[in-house]
Amino acid sequence: MKNKKYLFPIITFFLSFGCALFVAIKVFPNNPFTGNAPEKTTTSKFKDGDVIFQTSESKQCEAVRIATNSKFSHCGIIYDIHGKWFVFEAVQPVKLTPLEDWIKHGRDSKYVVKRLKNENILKPQVLQKMKDYSQQFDGKEYDAYFEWKDNRIYCSELIWKIYKNAAGIQLSKLRELKDFNLTDPRVQKILKERYGNEIPLEEKVVAPSDLADSNLLKTVVDTY
């Protein structure tokens, strides 16, 4: 009788635990920024929160490179997720990309990695805050119109906002679209396709080159 007395509570416990586990898996499936125990990180030349730059091949990225007088047309932020390196980037859609794949997407697989000169700022709790803040952008649409809004977002805007709003660090000043070189025919063509005759010349923008030239960052890897 005593064994039967405890049998029902035990069965109830295991059924409840199983249901809770099922719900957790369904509601929070593979959150890319949290989860499993970390594996050993093998690539030591990168650090959590590094900013990585490359030259992309698309026509729009070429226009960005020309307008900003820079070799860089795309950038992302490097995150250590469970001991593996990823680049959180604003493409279509915003997503985490394995670092090795991200590098291959650039022209000749060349890239530059920059890091805060004051590395001590990015303490573990700050980095976690940056990752937590990043989750709101995961899966969002890429912003081909370069608007300073959060409903869609582009690559350098993503990094600027993560550093500013999660870590309290403004990597560069914001500029206006009219501050860039808009006279080149290739740039004019993209502007015409995007905006027609109503180009938002006073729209706040930040370019990959603005981040790359930040006096708060230092170059730690350069394969160009």
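## Histidine 105

Histidine 105 lies in helix α3, which covers residues 99-105. Helices here are DSSP runs of H or I with at least four residues, strands are runs of E with at least two, and both are numbered from the N terminus. This is a predicted model, in which local features need pLDDT of at least 70, side-chain atom pairs count only at pLDDT 80 or more, and totals for chains, interfaces and linings use all residues. Residues are numbered from 1 along each chain as its sequence is written, and side-chain values use heavy atoms, with hydrogens and water left out.

Histidine 105 has a relative accessible area of 49%, so it is partly exposed (buried means under 20%, exposed over 50%, partly exposed in between, with a 1.4 Å probe and protein chains only). Apart from neighbours within four places in sequence, histidine 105 is in contact with Gln54 and Thr97, where contact means heavy atoms within 4.5 Å. Serine 56 is 49 residues away from histidine 105 along the chain, yet their C-alpha atoms are separated by 7.0 Å.

Gln54 belongs to strand β1, residues 51-54. Val51 and Phe53 point one way from β1, Ile52 and Gln54 point the other way, and all are buried.

β1 runs antiparallel to strand β2 (residues 74-81), and four bridges join them. Two strands pair if DSSP finds at least two bridges between them. Isoleucine 52 has glycine 76 of β2 as its bridge partner. β1 also pairs with strand β5 (residues 112-116), in the antiparallel sense and over three bridges.

## Helices α4 and α5

The axes of helix α4 (residues 124-134) and helix α5 (residues 155-167) come within 9 Å and cross at roughly 120 degrees. Axes are lines fitted to C-alpha atoms, for helices over the stretch in contact, and angles run from 0 to 180 degrees between N-to-C directions. α4 and α5 are therefore oblique to each other (under 35 degrees is roughly parallel, over 145 roughly antiparallel, 65 to 115 roughly perpendicular, and the rest oblique).

On the α4 side, the contact is made by Val126, Lys129, Met130, Tyr133 and Ser134, and on the α5 side by Lys161, Ile162, Tyr163, Asn165, Ala166 and Ala167.

## The whole chain

The chain has seven helices and ten strands. Of its 224 residues, 42% count as buried. Among contacts with a separation of 6 or more, 72% are between residues 24 or more positions apart.
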